[in-house]
Amino acid sequence: MRHKLVIIGNGMAPGRMLEHLLELAPDLYDITIFNAEPRVNYDRIMLSPVLSGEKSFEDIIIHGDGWYIRNGITLYKGHRVTAIDRAARTVTSDQGATAAYDRLIIATGSVPFILPVPGADLKGVITYRDLDDVDAMLRAAQSRETAVVIGGGLLGLEAAAGLKARGMDVTVLHVMPSLMERQLDPAAGYLLQRSLEARGVKVMTRANTQALLADANGKVRAVALQDGTEVAATLVVMAAGIRPNAALGRLAGLEVNRGIVVDARMRSSDPLIYALGECAEVGGQVYGLVAPLYEMARVLAGELAKEVTGTEPDPFIHQDTPTKLKVTGIDLFSVGDFADGDDREEIVLRDASAGVYKRLILKDNRIIGSVLFGDTGDAAWFTDLKKKATDIAALRDTLIFGQAYQGGAALDPTAAVAALADDAEICGCNGVCKGTIVSAITARGLTTLEDVRAHTKASASCGSCTGLVEKVMQLTLGDRFRAQAVKPMCGCTTHSHD
C-alpha cells in the first residue's frame with residue numbers, strides 16, 4: 001500500500017529531494033505538493049540573470065508541468081497552506097483544498113527581512129525573493145528612473161546589477177563599512193565596491209536607513225538616512241536579509257527556534273513531520289545557500305525511502321559553503337573562517353591595478369579560510385586543501401599563486417585540473433566531485449556540457465563552475481571535446497552577454 005506524502009512548498013530543496021526519492025523508492029508514496037507560488041519549480045538562485053536579461057523564466061525551470069504528470073504527483077499551484085491538523089493528519093490551503101498525510105514535509109523557505117522604519121509599506125517598496133519580485137522590478141525598470149537597494153549582501157548586489165543592466169540609476173545603501181562583510185574581509189569588500197562603481201552602480205556604506213519618504217500620491221520618492229541625507233528613489237528594493245519561514249511549524253505546535261528544529265535526518269518534534277530547506281534549523285544552524293539545502297534533500301530522501309532500501313541514510317553534517325556572486329564580469333569566491341586571531345596567520349596577494357585580491361588564512365599550516373576576488377581559478381584547489389586539512393608547509397612559498405605554479409613551473413589549465421584529486425569538489429552547489437564527472441563521461445559517452453549537467457548536476461544550479469566543468473571534460477575527452485556553443489546576445493551580433 002502506498003503512503004501519502006504531502007509537501008508544503010515547491011522550491012529547490014523539495015524538488016531535489018523528490019528526484020532522489022523517486023530514484024530510491026518510486027512506488028512508495030502518493031505525493032501531493034502545495035505551492036504558494038502559482039507556478040512550477042524553478043532555479044531560484046538564477047533569478048538575478050532573469051532580472052538582468054541574460055535568461056528567461058523558461059530557462060530556469062527545473063521541473064515543468066510534464067514532470068509532475070509523468071511521476072503521478074499532484075501539484076496545487078497558488079495554494080498557501082494555512083492549517084496543519086496533526087491529530088487528523090491533514091493540511092488545508094487558503095483555497096479550501098485539504099489533503100491527508102502519512103508523512104508531511106514543511107519546506108516553506110524563508111521570508112525577507114523588512115526594515116522596521118516608517119514608510120516600509122509605501123507603493124514602490126518591494127523585496128527580492130521570488131519571480132513575482134523580479135516581475136515587479138522589471139515593470140519598475142521600464143521607467144528608467146531611480147532605484148535604491150537597501151542591503152549590500154549577495155541578493156542586494158545582484159538586484160542592483162540587474163536593475164542597472166535594465167537602464168535604471170541605481171544606488172546601494174549598506175549599513176556596514178564594507179560590502180558583504182559576512183563573506184568578505186574589508187580589502188575584498190573595497191575591491192568589490194570599486195568594481196560595482198565602475199559599472200555605474202553607486203554605493204554608500206555606513207548608510208543607516210531612518211525612513212522611506214512618500215510623494216503626494218503615496219508612492220516612495222526617497223530614502224532618508226540617519227545623517228539627514230535623502231537619496232531619491234522611484235523604486236526601493238529591501239534586500240537586508242532573510243528569516244526562516246517557520247510560522248506554520250509554530251502554528252502546528254512543533255518545536256521552533258530560529259527555524260523549525262529538526263535532527264540530523266530532518267525529523268521535527270513530531271515523528272510524522274519533517275522540515276527541509278531554509279525553514280529548517282539543524283544542529284542550531286539555519287542555511288540560505290543551496291549546497292546545504294541539497295544535502296538536506298539527500299538525507300531526507302534516504303530517510304523516507306529506508307523501508308524500501310533497508311539502510312539508514314548518512315546524517316546531515318555541517319560543511320562550510322562557498323559564497324559566489326552572480327554578477328557578470330565580477331569573479332568572487334569566499335569560504336571558511338577569515339576573522340583575525342592570535343592563533344592564525346595569513347598569506348595575501350593584492351594587485352590593485354588588475355583588480356585581483358587573494359587571501360588565505362592559515363592555522364597550524366592548514367587553510368581554514370580563503371577570499372578570492374578578480375581571479376577565482378584556484379577556488380576548487382584551495383577548497384580541497386581546506387576540506388582535507390592538508391598540511392601546506394611544503395607549498396607555503398608558492399601557495400598563494402595557485403595550483404598551476406606548484407613545483408616552480410606554470411601548468412596549463414588542463415594540467416592543473418588533472419592534478420586535482422578525484423574527490424576534489426568541482427560543483428559546490430550540488431556537491432559533485434571531479435571523479436563523478438569523469439566516470440559519467442566515460443561510462444555514458446557524454447560529449448556535451450548539457451549531457452554532463454543532466455547526468456551529474458554539475459554546473460546545473462548557479463553555473464559559476466561551468467568553466468571548470470569544461471576543463472574536466474577537455475581533460476577526459478581530449479580531441480573529442482567541443483566547448484559549449486556561444487549563444488549570441490541577439491541576432492545582430494555573434495557575441496554573448498559575457
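Author: Start with Ile105. Leaving aside neighbours within four places in sequence, Ile105 is in contact (heavy atoms within 4.5 Å) with Leu5, Val6, Ile7, Ile8, Met17, Tyr274, Leu276, Leu300 and Leu304. This is a predicted model: local features need pLDDT of at least 70, side-chain atom pairs count only at pLDDT 80 or more, and totals for chains, interfaces and linings use all residues. Residues are numbered from 1 along each chain as its sequence is written, and side-chain values use heavy atoms, with hydrogens and water left out.

Ile105 belongs to the largest nonpolar core, which has 55 residues. A nonpolar core is a set of buried Ala, Val, Leu, Ile, Met, Phe, Trp, Tyr and Cys residues joined through side-chain atoms within 4.5 Å. Buried means under 20% relative accessible area (1.4 Å probe, protein chains only). Met17, Val91 and Ile105 touch the most other members. Helix α8, residues 290-309, gives the most to this core: 8 residues. Helices here are DSSP runs of H or I, at least four residues, numbered from the N terminus.

Now follow Met17 into helix α1, residues 12-24. Helices α1 and α8 pack at an angle of about 35°, with axes 8 Å apart. The axes are lines fitted to C-alpha atoms over the stretch in contact, and angles run from 0 to 180 degrees between N-to-C directions. In α1, the contacting residues include Met17 and Leu21; in α8, they include Leu300 and Leu304. In general, nonpolar side chains tend to be buried together in soluble globular proteins.

Definitions and conventions: Buried < 20%, exposed > 50% of the residue type's maximum accessible area, 1.4 Å probe, protein only. Helix = DSSP H or I, 4+ residues; strand = E, 2+ residues; numbered from the N terminus.
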